[in-house]
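Visitor: I am new to this structure. Please show it to me, and then I will ask about its parts.

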Amino acid sequence: MADENKNGAEDAAVTEANAAPAVENAAEVKQEGRGRGRGRGEGKGEGRGRGRRNDRQPKEETGEELIEKLVHINRVSKTVKGGKRFGFAALVVVGDGQGRAGFGHGKAREVPEAINKATAAAKKKMIRVPLKEGRTLHHDGKGHFGAGNVNLRTAPPGTGIIAGGPMRAVFESLGVADVVTKSVGTSNPYNMIRATFDALANQTSPKAVAQRRGKKIADLLGRGGSKTAEADAEAVAE
């Protein structure tokens with residue numbers, strides 16, 4: 001019996017000694033597998049991140065800087081079971097300060113989301129307005145929408161933007177430095193903005209009129225003498 005117990009103990013020791021390297025090898029293989037998985041994941045993550053950054057860089061470089069003006073925010077509420085549900089509507093005017101401007105409005109449950117929607121809509125509806133000397137309008141104009149009526153007048157240098165409320169935001173984003181305006185009728189910002197853009201859409205420059213009529217700019221501006229007309233024509237052409 002003693003010999004049998006001794007042989008059994010020796011066999012168990014041999015088995016444990018043989019199993020120990022196997023366990024160590026299995027642990028090493030497991031660690032290597034984890035290392036490979038981490039390496040693959042890190043490589044994929046880095047590759048994807050770099051690719052996205054390279055894709056985004058050209059968009060940031062080519063993007064133009066726009067002037068954004070928040071004109072009005074309206075809060076509405078809807079009574080539902082359990083309380084009130086609020087919503088927001090934003091009116092935004094955007095422009096590049098060099099003769100292009102647009103307006104848009106958006107609705108959402110949160111104010112930032114409504115502003116983002118309005119800004120995106122305004123960028124899609126931008127119009128170009130010809131400016132005289134890059135500071136004022138070429139001629140007077142009138143705009144009408146609903147109950148809103150606006151009058152726009154050119155102004156000499158140093159006048160500034162004489163406009164109030166929503167109309168000031170339009171001219172600041174448009175890049176106009178001298179203008180005199182008057183709003184007659186409703187003070188609803190939506191109607192005032194639409195009436196202002198109606199007046200701006202009817203603005204024309206002497207260069208465009210001369211091209212449409214097949215004449216020279218000096219012929220259209222020739223009332224004040226030939227030399228003055230030529231000087232004005234050169235200024236308009238520039």
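Guide: To begin, a polar atom of the Asp96 side chain lies 3.0 Å from the backbone nitrogen of Gln98. This is a predicted model, in which local features need pLDDT of at least 70 and side-chain atom pairs count only at pLDDT 80 or more, while totals for chains, interfaces and linings use all residues. Residues are numbered from 1 along each chain as its sequence is written, and side-chain values use heavy atoms, with hydrogens and water left out.

Visitor: Which backbone nitrogen besides that of Gln98 lies 3.0 Å from a polar atom of the side chain of Asp96?

Guide: Asp96 sits in the loop between E2 and E3; strands are DSSP runs of E with at least two residues, numbered from the N terminus. A polar atom of its side chain lies 3.0 Å from the backbone nitrogen of Arg100.

Visitor: Is Asp96 buried or exposed?

Guide: Buried means under 20% relative accessible area, exposed over 50%, and partly exposed in between, with a 1.4 Å probe and protein chains only. Asp96 has a relative accessible area of 17%, so Asp96 is buried.

Visitor: Which strands stand at the edges of the sheet?

Guide: The open sheet has 4 strands in the order E1-E2-E3-E4, with antiparallel pairing; two strands pair if DSSP finds at least two bridges between them. One side of each edge strand is left without a neighbour in the sheet, because each has a single partner strand; these are E1 (67-80) and E4 (127-128).

Visitor: How many bridges join E1 to E2?

Guide: Strand E2 covers residues 83-95 and runs antiparallel to E1. Thr79 stands opposite Lys84 in E2. The number of bridges joining E1 to E2 is 13.

Conventions: Polar contact = N/O pair within 3.5 Å; in protein donor to acceptor, adjacent residues only side chain to side chain.
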